[in-house]
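Open the model in your viewer and keep the selection tool at hand. This tour goes stop by stop.

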Amino acid sequence: MDAQELKSKTPDQLKDQLVALKKEAFNLRFQAATGQLENTARMRTVRRDVARVKTILNQKAAEAAASN
């Protein structure tokens with residue numbers, strides 16, 4: 001997932017995606033704790049995707065505040 005793809009989404013879509021990513025991160029943490037995690041790199045990509053979505057949401061909020 002790249003930033004350009006996220007910028008084209010609405011804030012509601014971004015919030016939904018954020019919830020889904022956080023659920024996935026939660027599940028990955030449980031898999032790691034129980035030794036069932038096969039792709040350890042996925043934890044890093046999910047964490048970075050969460051940060052990317054949060055950044056775009058904050059940028060959109062700042063734009064909305066500046067336009068008012």
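What is the mean pLDDT of the protein, and what share of its residues reach 70 or more? The mean is 95, and 100% of the residues reach that mark. pLDDT is the predictor's confidence in each residue, from 0 to 100.

Two ground rules before you click. Residues are numbered from 1 along each chain as its sequence is written, and side-chain values use heavy atoms, with hydrogens and water left out. This is a predicted model, where local features need pLDDT of at least 70, side-chain atom pairs count only at pLDDT 80 or more, and totals for chains, interfaces and linings use all residues.

**Stop 1: colour by confidence**

Select residues 3–7, which form helix 1; confidence is lowest here, at a mean of 92. Now select residues 11–34, helix 2, where confidence is highest, at 97. Helices (H or I, at least four residues) and strands (E, at least two) are DSSP runs, numbered from the N terminus.

**Stop 2: helix 2**

Stay on helix 2. It has 24 residues and reaches 35 Å from first C-alpha to last. That is close to the 34 Å expected at 1.5 Å a residue; the expected span is 1.5 Å times one less than the number of residues.

Show the side chains of Leu 14, Gln 17, Leu 18, Leu 21, Ala 25 and Leu 28: in helix 2, these are buried. Buried means under 20% relative accessible area, exposed over 50%, and partly exposed in between (1.4 Å probe, protein chains only). The buried residues of helix 2 pack against helix 1 and helix 3 (41–67). Then step past the end of the helix to Gly 35, which has a positive phi, near 80°.

**Stop 3: the core**

Which residues make up the largest nonpolar core? Select Leu 6, Leu 14, Leu 18, Leu 21, Ala 25, Leu 28, Leu 37, Val 46, Val 50, Val 53, Ile 56 and Leu 57, 12 residues in all. Helix 2 and helix 3 are the elements that give two or more residues to this core. A nonpolar core is a set of buried Ala, Val, Leu, Ile, Met, Phe, Trp, Tyr and Cys residues joined through side-chain atoms within 4.5 Å.

Zoom in on Leu 6, in helix 1. Leu 6 is buried, with a relative accessible area of 0%. Contact means heavy atoms within 4.5 Å. Not counting residues up to four places away in sequence, Leu 6 touches Met 1, Leu 14, Gln 17, Arg 52, Val 53, Ile 56 and Lys 60. With the neighbours within four places in sequence left aside, the contacts of Val 53 include Met 1, Leu 18 and Leu 21.

**Stop 4: the salt bridges**

How many salt bridges does the structure hold? There are 2. A salt bridge is a side-chain nitrogen of Lys or Arg within 4 Å of a carboxyl oxygen of Asp or Glu.

Select Arg 42 and Glu 24, whose side chains meet at 2.8 Å, N to O, in a salt bridge. This pair links distant parts of the chain: Arg 42 is in helix 3 and Glu 24 in helix 2, 18 residues apart. Arg 42 is partly exposed at 29%, and Glu 24 is partly exposed at 25%.

Next, select Asp 49 and Arg 52, joined in a salt bridge at 2.7 Å, N to O. Both lie in helix 3, 3 residues apart, about one turn of the helix. Is Asp 49 buried or exposed? Asp 49 counts as buried, at 9% relative accessibility. Arg 52 is partly exposed, at 30%.
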